[in-house]
Amino acid sequence: MKKDLGVKTYIYPQPVLIISTYNEDGSENAMNAAWGGICDYDKVFIILSEHKTTTNLLKTNGFVINIGDKNNVMACDYVGIVSANQEKNKFAKAGFTASKSKYVNAPIINELKLALECEVVSYENEILIGKIKNVCADESILDENNKINVSKLSPITYDPCNHNYIALGDIVDKAFSCGKKVK
């Protein structure tokens with residue numbers, strides 16, 4: 001039997017999205033955002049209230065979604081619990097280094113292996129919509145066909161109920177295929 005839990009944000013998995021932008025002085029900034037995802041073939045959405053990152057991306061019109069991973073969980077958490085308004089060296093203190101995106105005016109975090117380079121489409125009612133201009137992946141997470149190997153990427157998700165990070169990686173069956181057994 002199911003038990004009512006009330007209104008909660010319990011959708012699984014919730015990706016750990018590290019949003020990177022440039023500050024006004026050209027330095028790098030990053031924040032952790034858990035509420036976001038794909039909303040079209042070439043678009044993403046992120047729920048963002050007023051943050052330094054929000055101000056930055058609205059000025060530069062660009063941002064990068066870096067996918068949080070198991071090997072960088074502490075740095076990913078750090079950029080989520082510390083405000084760039086209080087800590088000017090937040091990006092460096094997290095241990096992150098950056099490369100400039102070729103597609104948008106934003107930095108790519110070198111330590112995180114998968115990045116979606118995006119331009120701002122709209123920002124209304126705390127909902128950011130971005131257009132994906134490029135996806136780049138470190139060769140270490142690609143298979144022989146240049147596709148992402150999720151086990152090598154080891155992305156983390158946020159568990160909103162227990163406040164944990166959980167690494168993904170196990171394949172349970174083949175999508176668009178296993179359901180055919182029911183036919």
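Are E24 and K59 buried or exposed? E24 is exposed, and K59 is exposed too. Exposed here stands for a relative accessible area over 50%, buried for under 20%, and partly exposed for anything in between, using a 1.4 Å probe and protein chains only.

Before we go on, keep in mind that this is a predicted model, where local features need pLDDT of at least 70 and side-chain atom pairs count only at pLDDT 80 or more, while totals for chains, interfaces and linings use all residues. Residues are numbered from 1 along each chain as its sequence is written, and side-chain values use heavy atoms, with hydrogens and water left out.

Let's stay with E24 and K59. These two form a salt bridge, and their closest N and O atoms are 2.1 Å apart. A salt bridge is a side-chain nitrogen of Lys or Arg within 4 Å of a carboxyl oxygen of Asp or Glu. The pair links distant parts of the chain: E24 sits in the loop between β2 and β3, and K59 in helix α1 (residues 52–60), 35 residues apart. The helix and strand names come from DSSP runs, with helices (H or I) of at least four residues and strands (E) of at least two, numbered from the N terminus.

The loop between β2 and β3 is also where you'll find N23. At 13% relative accessibility, N23 counts as buried. Its side chain reaches the backbone oxygen of E28 at 3.4 Å. If we skip the neighbours within four places in sequence, N23 is in contact (heavy atoms within 4.5 Å) with E28, N29, K52 and N56.

Now look at the strands on either side of that loop. β2 and β3 pair in the antiparallel sense over six bridges; for two strands to pair, DSSP has to find at least two bridges between them. Within this pairing, L17 stands opposite A33 in β3. The hairpin that β2 and β3 make has five residues between the strands, and G26 takes a positive phi near 90 degrees there. β3 is mostly covered, with five of its six residues buried.

What about the inside? In soluble globular proteins, nonpolar side chains tend to be buried together. A nonpolar core is a set of buried Ala, Val, Leu, Ile, Met, Phe, Trp, Tyr and Cys residues joined through side-chain atoms within 4.5 Å. The largest one here has 19 residues, and I19, I46, F63 and I65 have the most contacts inside it. The elements giving two or more residues to this core are β2 (17–22), β3 (28–33), β5 (43–47), β6 (62–67), β9 (114–124) and β10 (127–137). β9 provides the largest share, four residues. Zoom in on I19: leaving aside neighbours within four places in sequence, its contacts are N29, A30, M31, A33, I46, T53, F63, V64 and I65. There's also a second, separate core of 13 residues, with V16, I18, C76 and I156 among them.

I156 brings us to another part of the model, where it stands opposite A167 in β12. Strand β11 (residues 156–159) and β12 pair in the antiparallel sense over four bridges.

In one of them, the side chains of K131 and D42 meet at 2.6 Å, N to O. K131 lies in strand β10 and D42 in the loop between β4 (36–40) and β5, so the pair ties together parts that are 89 residues apart in sequence. K131 is partly exposed, with a relative accessible area of 26%, and D42 is partly exposed at 24%. Another salt bridge joins E119 and K133, whose closest N and O atoms are 4.0 Å apart. E119 is in strand β9 and K133 in strand β10, so this pair ties together parts 14 residues apart in sequence. E119 counts as partly exposed at 26% relative accessibility, and K133 is partly exposed at 37%.

Last stop: V7, in the segment before β1. At 84% relative accessibility, V7 counts as exposed. From V7 to K133 is 126 residues in sequence and 35 Å in space, C-alpha to C-alpha.

Methods: Polar contact = N/O pair within 3.5 Å; in protein donor to acceptor, adjacent residues only side chain to side chain.
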